Amino acid sequence: MIVVMKSGAARKDRDEVTKRIKALGYTPHIIHGTTRDVIGAVGDERGKSVLQALESMPGVESVVPILQPYKLASKEVKKEASVVRISENLAIGGSELVVMAGPCSVENETQIIESALAVKAAGAQMLRGGAFKPRTSPYSFQGLEEEGLKLLAKARELTGLPFVTEVIDPESVDLVASYADMLQIGARNSQNFALLKKVGQINKPILLKRGMSMTIQEFLMSAEYIMSEGNQSVILCERGIRTFETATRNTLDLSAIPVLKAKTHLPIVIDPSHGTGNYHYIAPMSYAAVAAGADGLIIEVHPDPERASSDGPQSLKPKKFAALMDKLKLFAAAADKTL
């Protein structure tokens with residue numbers, strides 16, 4: 001159920017409502033709107049009728065059942081788009097198109113610093129890079145782990161770019177969160193519910209990638225796992241789904257953008273690198289994603305893709321990335337976004 005507070009309702013009224021929700025055995029989640037607050041009461045579906053009595057409390061306008069299985073992520077809870085703050089100067093979901101760029105994995109200090117300087121010069125607002133790398137083969141490069149996090153932090157210090165990096169298990173969440181500005185949940189972990197719950201308990205933004213065989217509803221239910229633990233700063237990432245097509249690494253589902261915009265208030269980022277698996281296709285799919293309404297892009301850039309430890313074929317060289325960013329400004333302007 002959602003409890004809609006009256007416009008201008010006193011804070012003490014809201015506090016009394018949250019206290020009553022807890023007393024009834026439900027968990028309150030406060031969502032701040034532009035004109036009023038909404039309180040989501042999440043818990044056992046079977047006894048939710050008791051929450052209807054909250055309608056008589058001071059400051060309450062109405063109590064409405066949430067019809068979607070995903071509650072906190074639903075537009076029924078919050079009609080206006082959410083803006084997720086990454087740092088003091090950067091947020092995703094507003095009028096600014098946010099581009100995150102960098103190598104698939106951190107390989108050494110020279111590589112990550114060179115990458116960070118290049119993407120910063122081209123206009124990217126955020127650095128991406130993997131310190132922990134879950135790979136299909138156990139013999140593939142698995143990442144530098146904490147040493148990689150330290151190198152990402154050094155790149156941030158030199159460039160001022162906040163960074164996003166992947167976390168692969170509940171045990172390493174606290175370690176990654178101590179370094180990163182945003183934590184990424186990869187496609188293979190998008191239904192690792194123990195991990196989703198753990199990142200839901202920290203105070204850091206989460207970039208949640210869609211699983212390769214996930215429906216939109218399953219994707220939003222994974223977001224719900226994070227949000228139900230208290231962390232409302234979730235950004236969705238479409239990175240392609242697995243289909244019968246073999247011409248590309250995945251099939252980049254850009255139709256997910258308008259579908260998600262209709263169903264959820266959460267921002268959506270597109271990953272054309274994993275979505276196509278081929279650097280030739282990244283620029284056109286980036287332009288298409290922005291035209292379709294994406295809030296951001298996450299793009300793999302490497303100074304020497306031919307020698308990359310992972311995902312070289314889908315990584316742009318710095319010059320090609322700079323050219324993409326120049327042209328992207330036109331598409332951002334057409335979509336009423338700034339870059």
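A nonpolar core is a set of buried Ala, Val, Leu, Ile, Met, Phe, Trp, Tyr and Cys residues joined through side-chain atoms within 4.5 Å; buried means under 20% relative accessible area, exposed over 50%, and partly exposed in between (1.4 Å probe, protein chains only). You're looking at a predicted model, where local features need pLDDT of at least 70, side-chain atom pairs count only at pLDDT 80 or more, and totals for chains, interfaces and linings use all residues. Numbering starts from 1 along each chain as its sequence is written, and side-chain values use heavy atoms, with hydrogens and water left out.

**Exercise 1.** Find the largest nonpolar core and work out where it lies.

*Solution.* 
- Start with the count: this core has 74 residues, and L183 and F321 have the most contacts inside it.
- Next, look for its main contributor: helix α6 (residues 216-228) gives the largest share, six residues. Helices (H or I, at least four residues) and strands (E, at least two) are DSSP runs, numbered from the N terminus.
- Now place it: domain 1 (2-64) and domain 2 (84-335) both give residues to the core, so it lies between them. Those bounds come from an automatic or database domain assignment.
- Another core, of 14 residues, lies apart from it, with M100, L207, C237 and V269 among them.

**Exercise 2.** List what F321 is in contact with, leaving aside neighbours within four places in sequence.

*Solution.* 
- Contact means heavy atoms within 4.5 Å.
- With that cut-off, the partners of F321 are V99, A101, V119, A122, A124, I299, V301 and L316.

**Exercise 3.** Compare two non-glycine residues with a positive phi, E145 and D311: is each one buried or partly exposed?

*Solution.* 
- Take E145: its phi is about 60 degrees, and it's found in the loop between β8 (126-128) and α3 (146-159).
- At 41% relative accessibility, E145 counts as partly exposed.
- Then D311: phi is near 60 degrees, and the residue lies in the loop between β14 (296-300) and α10 (318-334).
- At 18% relative accessibility, D311 counts as buried.

**Exercise 4.** Locate G43 and check how exposed this residue is.

*Solution.* 
- G43 sits in the loop between β3 (37-42) and β4 (60-64).
- Its relative accessible area is 42%, so G43 is partly exposed.
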